[in-house]
Amino acid sequence: MDNAEGAVDLHGDEEIIEVIDLNESEQTPDDLANEIEDVDFGEEGGDFADDEGWQTEEEDMEARQDDSELTFSMHTGSVFCVSLDPATNSLAVTGGEDDKAFVWRLNDGEVVLECAGHKDSVTCASFSHDSKLVASGDMSGLIKVWKVETKEEVWSFEVGDLEWLEWHPCAPVLLAGTADGNVWMWKIPGGECKTFQGPGCQATSGKFLPDGKRAVVGYEDGVVRLWDLKQGNSIHVIKGQDGHQGPLTCMACSKDGTLVLTGSVDCQAKLINTATGKVVGVFSIDEKKPKSSMDGEVESNSVESVGFCNVFPLVAVAYLDGTLAIYDLPTQSLRHRCQHEAGIVHLHWEESSSLVSTCSLDGAVRIWDARSGNMVSEYHGHTAEILDFTLSRDASLAVTASGDHKAKVFCLQRPDR
């Protein structure tokens, strides 16, 4: 409108709203039709396909794609953890936001044991080395152990806020780390206990070494300690410039126990000689300038999972930004950089090949060949992020736990199968 009496332009952030002159003649249907024809809908429907509630046929197909062989749906909240029984690989245990853990069969999803009585989300659940016992731990610190065959609870204990829980590699012994920094060790079911005093900050990750006589523990302050479990003292303390500059997030041991690989929110992975306590390698992807998200906040990156290859001198480091980095162990050089569109949650190497599997926040499982850096296959089925996953011993199955309240079993296909 040109100089129409009473016309005012109100300028918003993205558009101009005009107050119409009421004295102007009323628009006819033809006038309205002409205005609609002038609207720019963009190419092939413009932005409407991206609006909430609108999906293209391809997106709808992807949303409904389910490559899994079986879906376990007994949980009523997010499923946080999953583990397989090491003796037969026929049973899974999952823990979830519904304060429960379930032991169930992989072939038909039938519940074998419901681990009830927890007071908070079950974030840790796993079988003993011989699969006779199963332990579950919740965020409040209540730990319970059941005998799988008889389905009876044989032991329970309550600590401070639980960070992680792990079984001894060849004995009925549990190790646990808590938010106050203490590490607890119990003999099950007798309950004999030993405590390893922490530094007053969270014991964020920990593992038995393969010899069963030592354990490595990482803390919120970036310190790594190697403990002598019999003597109850720390053998080595890695801190300062040698330690991490942020909380530990993950760790892995080499098969012979001579090396430990640790990851941290400082975006570095460190290789530690367990005999000397010396850092013998540092792995870090080339850091770019921090990216800003749509709300203006700076997006951070961190190491989320690490692992050793058993058949080649390779290690894998997975990052929150979606990078899977494959490093050559002798030269500590970057061999391949495998990019995911979403952050990686966990990685697992196959026991007898160069294949490494990942799960990520986009709800997919992917398999990569570490020799070539190429993706071998990918599997979809979850409608939310995958929070944990594990592989069967022969790598024929992947079992996942997700924020969509489901656990799934995927049959993994290989070119040689």
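User: pLDDT is the predictor's confidence in each residue, from 0 to 100. What pLDDT does the chain average?

Analyst: This is a predicted model, in which local features need pLDDT of at least 70, side-chain atom pairs count only at pLDDT 80 or more, and totals for chains, interfaces and linings use all residues. Residues are numbered from 1 along each chain as its sequence is written, and side-chain values use heavy atoms, with hydrogens and water left out. Of the residues, 81% score at least 70. Over the chain, the average pLDDT is 87.

User: Over residues 35-53 the pLDDT stays under 50. How many contacts beyond near neighbours in sequence does the model have for residues 288-296?

Analyst: A contact means heavy atoms within 4.5 Å. For residues 35-53, the model has 10 contacts beyond four places in sequence. The pLDDT is also below 50 over residues 288-296, and the contacts of this stretch number 8.

User: Which residue of β27 is the bridge partner of Ser305?

Analyst: Strand β27 covers residues 314-319 and pairs with β26 in the antiparallel sense over 5 bridges. Within β27, the bridge partner of Ser305 is Ala318.

User: By what angle are neighbouring strands turned against each other in the sheet β30-β31-β32-β33?

Analyst: This open sheet has 4 strands with antiparallel pairing. Its edges are β30 (344-349) and β33 (375-379), each with a single partner strand, so one side of each has no neighbour in the sheet. With direction ignored, neighbouring strands are turned against each other on average by 20°.

User: How many residues has the largest nonpolar core?

Analyst: A nonpolar core is a set of buried Ala, Val, Leu, Ile, Met, Phe, Trp, Tyr and Cys residues joined through side-chain atoms within 4.5 Å; buried means under 20% relative accessible area, exposed over 50% and partly exposed in between, with a 1.4 Å probe and protein chains only. Residues with the most contacts inside the largest core include Leu261, Phe283 and Tyr327, and the residues in this core number 18. Elements giving two or more residues to it are β20 (248-253), β21 (259-264), β22 (269-273), β26, β27 and β28 (323-328).

User: Is Trp155 buried or exposed?

Analyst: Rings of Phe, Tyr and Trp (its six-membered ring) pair if their centres lie within 6.5 Å; planes under 30 degrees apart count as stacked, over 60 as edge-to-face and the rest as tilted. Trp155 and Phe157 form a stacked pair, at 6.0 Å centre to centre and 5° between the planes. Phe157 is partly exposed, with a relative accessible area of 30%. Trp155 has a relative accessible area of 9%, so this residue is buried.

User: Why is the ring pair of Phe283 and Tyr327 given its class, and what is that class?

Analyst: Phe283 and Tyr327 are both buried. The ring centres of Phe283 and Tyr327 are 4.8 Å apart and the planes stand at 50°, so the pair is tilted.

User: How many residues of strand β9 are buried?

Analyst: On one side of β9, Leu133, Ala135 and Gly137 are buried, and on the other Val134, Ser136 and Asp138 are buried. Strand β9 spans residues 133-138 and is mostly covered, with a count of buried residues that is 6 of 6.

User: Which residue in the turn between β9 and β10 has a positive phi?

Analyst: β9 pairs with β8 (residues 122-127) in the antiparallel sense over 5 bridges, and with β10 (residues 142-147) likewise over 5 bridges. Gly137 of β9 stands opposite Cys124 and has Ile143 as its bridge partner in β10. The hairpin of β9 and β10 has 3 residues between the strands, and the turn residue with a positive phi, of about 105°, is Gly141.

Definitions and conventions
Two strands pair if DSSP finds at least two bridges between them. Axes are lines fitted to C-alpha atoms, for helices over the stretch in contact, and angles run from 0 to 180 degrees between N-to-C directions.
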